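Reader: I am new to this structure and would like a friendly tour. Could you show it to me before we start?

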Amino acid sequence: DNGEEIAVDDYTESAEVSKKLNSLIARMKVVDESRQEFVSNVSHELKTPLTSMKVLADSLNGQDNVPVELYREFMADIGEEIDRETKIINDLLSLVKMDRAAASLNVSAVNMNELIELILKRLRPIAEKQQVEVVFESFRPVAAEVDEVKISLAITNLVENGIKYNQEGGWVHVSLNADHQYCYIKVEDSGMGIPQESLDFIFERFYRVDKSHSREIGGTGLGLAITKNAITMHNGDIKVHSVLGEGTMFDVRIPLNYISPQNSAGSHKNR
Ligand code: ADP
């Protein structure tokens, strides 16, 4: 009869609610744990250059007659550690800004061909230094509604990695294409590749395949986290394929028309 039915409904409903609640609590725990891990990683990463600087400064202070050459060498090392610290802080600031401004992209119609050419021009000195050839192939003119600064950061990180994790005589191939809905950017390199077991983690903050090697190369482990953030903020996605010892390819897809999360009925946000 009717009364029984209601009781059954109530029961299933409360079971449903408690299931949802449990999964929410579980998710909050994961978020909290990853926040704690993030803070501990940040502290560690910021402390490392400071520790090196302290050791360098102390060893100069502890000596009476420091030869000028040694003095210069240690000062240069201290300068490098300061650059490193600055890079970590700048990357962190970019990430924090993106976390906070998740819904507030500064969107305008951007000529993607010009944007990529500009990025590659800026990276040319690094590419020349590493003796890596960077090639751009555009299949068509592409205009996309994006936040130019954030997308520029995303692409820069990918191309810079392609150059950094490469060898002399290597290449980075950047391509741009579009259909009626999406803009496609591929960044492919002839570099060292990424081990399969690392592929799930490379977009995590501070993750580096080889800590000491990446440190030598000048990485912070934040670049790909920034890239992924910037792309997902645009409702786009990024995929990676890699073969160890052969190279890596990042596949980026971004909608040509930006639809803001608050206004997903179809109207476009322009500012
Ligand atoms: P990093 O500042 O260390 O370069 P990223 O977040 O940009 O940090 O990348 C994370 C890690 O993924 C790098 O430390 C490196 O080990 C690996 N990686 C990223 N891009 C490439 C690439 N194109 N080829 C090989 N390894 C890469």
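Predicted model: local features only at pLDDT ≥ 70, side-chain atom pairs only at ≥ 80, totals over all residues.

Reader: What average pLDDT does the chain have?
Author: pLDDT is the predictor's confidence in each residue, from 0 to 100. In this chain, 90% of the residues score at least 70, and the average is 88.

Reader: Which pattern does the chain follow along the sequence?
Author: Helices (H or I, at least four residues) and strands (E, at least two) are DSSP runs, numbered from the N terminus. The chain has six helices and seven strands. Read along the sequence, their pattern is α-α-β-α-β-β-α-β-β-α-α-β-β.

Reader: What percentage of the residues is buried?
Author: Buried means under 20% relative accessible area, exposed means over 50%, and partly exposed lies in between (1.4 Å probe, protein chains only). Of the 271 residues in the chain, the buried share is 38%.

Reader: Is F206 buried or exposed?
Author: F206 lies in the loop between strand 5 (182-189) and helix 5 (211-217). Its phi is positive, about 75°, although F206 is not a glycine; most residues other than glycine have a negative phi. With a relative accessible area of 3%, F206 is buried.

Reader: What is the relative accessible area of N235?
Author: N235 sits in the loop between helix 6 (223-233) and strand 6 (237-243). Phi of N235 is also a positive value, near 60°, in a residue other than glycine. N235 counts as partly exposed, because its relative accessible area is 45%.

Reader: How many aromatic pairs does the structure hold, and which kind do F201 and Y207 form?
Author: Rings of Phe, Tyr and Trp (its six-membered ring) pair if their centres lie within 6.5 Å; planes under 30 degrees apart count as stacked, over 60 as edge-to-face and the rest as tilted. The structure holds four such pairs. F201 and Y207 are 5.6 Å apart centre to centre with 35° between the planes, and their pair is tilted.

Reader: Why is the pair of F203 and F250 edge-to-face, and how many residues apart in sequence are the parts it ties together?
Author: The ring centres of F203 and F250 are 6.2 Å apart and the planes stand at 80°, so the pair is edge-to-face. F203 lies in the loop between strand 5 and helix 5, whereas F250 is in strand 7 (residues 247-255). Both F203 and F250 are buried. The pair therefore ties together parts whose separation in sequence is 47 residues.

Key: Residues numbered from 1 in each chain as written. Heavy atoms only, no water.
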